[in-house]
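Colleague: Could you walk me through this model and tell me what lies behind the labels you use?

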Amino acid sequence: MFFGSLLIALLTLGCGAFLLRNPDVGLMAVTIALAVVFIIEGTFHLTMAFELRPTPGWGWALMSGLTSAALGVMIAMGLPDTSAFMLGIVVGVDFLSSGLSYVMLSRVFKHVVG
């Protein structure tokens, strides 16, 4: 456990130093990582939506999954011209979509469980 944490700490320090010296490369790396994260997040939301399918409100999870996956693909397709401005807009839209999905699902589950 200790050595794993130490390895992660050293890797994080090294990556941070590299990104401070090369911000352009860092922007590209963050853009690619964000595209991958959105595609994976969208896949998980879609899987959750289909598992919740008979439950009222499953469409909100479906909408969130489709939005996240589409945003990830849009970012990936825009490389290398995707700018920090576009990343800010895309992250904001994804957060709104995911947050709305979670709020709506929690309202449904409140009535089911409560």
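**Labels and their cut-offs**

Modeller: Gladly! Let me start with V91, which touches L34 and F38 once residues up to four places away in sequence are set aside; contact here means heavy atoms within 4.5 Å. Do keep in mind that this is a predicted model, where local features need pLDDT of at least 70 and side-chain atom pairs count only at pLDDT 80 or more, while totals for chains, interfaces and linings use all residues. Residues are numbered from 1 along each chain as its sequence is written, and side-chain values use heavy atoms, with hydrogens and water left out.

Colleague: Why is V91 called partly exposed?

Modeller: Buried means under 20% relative accessible area, exposed means over 50%, and partly exposed is in between, with a 1.4 Å probe and protein chains only. V91 has 21% relative accessibility, so it counts as partly exposed. V91 sits in helix α4, and its C-alpha is 8.6 Å from that of L71, 20 residues apart in sequence.

Colleague: And what makes D94 buried?

Modeller: D94 has a relative accessibility of 1%, so it counts as buried. D94 is also in helix α4, and it touches F38, E41, S68 and L71, leaving out residues up to four places away in sequence.

Colleague: Which side chain makes a polar contact with the side chain of D94, and why does the pair qualify?

Modeller: The partner is the side chain of S68, at 2.5 Å. A polar contact is a pair of N or O atoms within 3.5 Å; within protein, one must be able to donate a hydrogen and the other to accept it, and residues adjacent in sequence count only if both atoms are side-chain atoms. The 2.5 Å of D94 and S68 falls within the 3.5 Å limit, so the pair qualifies.

Colleague: Where does S97 belong, buried or exposed?

Modeller: S97 counts as buried, because its relative accessibility is 7%. This residue of helix α4 (residues 84-113) touches M63, S64 and T67, not counting residues up to four places away in sequence.

Colleague: What about H45, buried or exposed?

Modeller: H45 has a relative accessible area of 5%, so it is buried. H45 lies in helix α2 (residues 23-51), and beyond its neighbours within four places in sequence it is in contact with A61, S64, G65, S98 and Y102. The side chains of H45 and Y102 make a polar contact at 3.4 Å.

Colleague: Why do you say that the buried residues of α3 line one face?

Modeller: The buried residues of α3 are A61, S64, G65, S68, L71, G72 and I75. Seen down the axis of α3, they fall within an arc of 135 degrees, so they line one face of the helix. That arc is taken over the directions from the helix axis to the C-beta atoms.

Colleague: Last one: why are α1 and α2 called oblique to each other?

Modeller: Angles under 35 degrees count as roughly parallel, over 145 as roughly antiparallel, 65 to 115 as roughly perpendicular, and the rest as oblique. Helix α1 (residues 2-21) and α2 pack at about 120 degrees, with their axes 5 Å apart; the axes are lines fitted to C-alpha atoms, for helices over the stretch in contact, and angles run from 0 to 180 degrees between N-to-C directions. The two helices are therefore oblique to each other. Their contact is made by F18, L19, L20 and R21 of α1 and P23, V25 and G26 of α2. P23 has a relative accessibility of 52%, so it counts as exposed.

How values were computed. Helix = DSSP H or I, 4+ residues; strand = E, 2+ residues; numbered from the N terminus.
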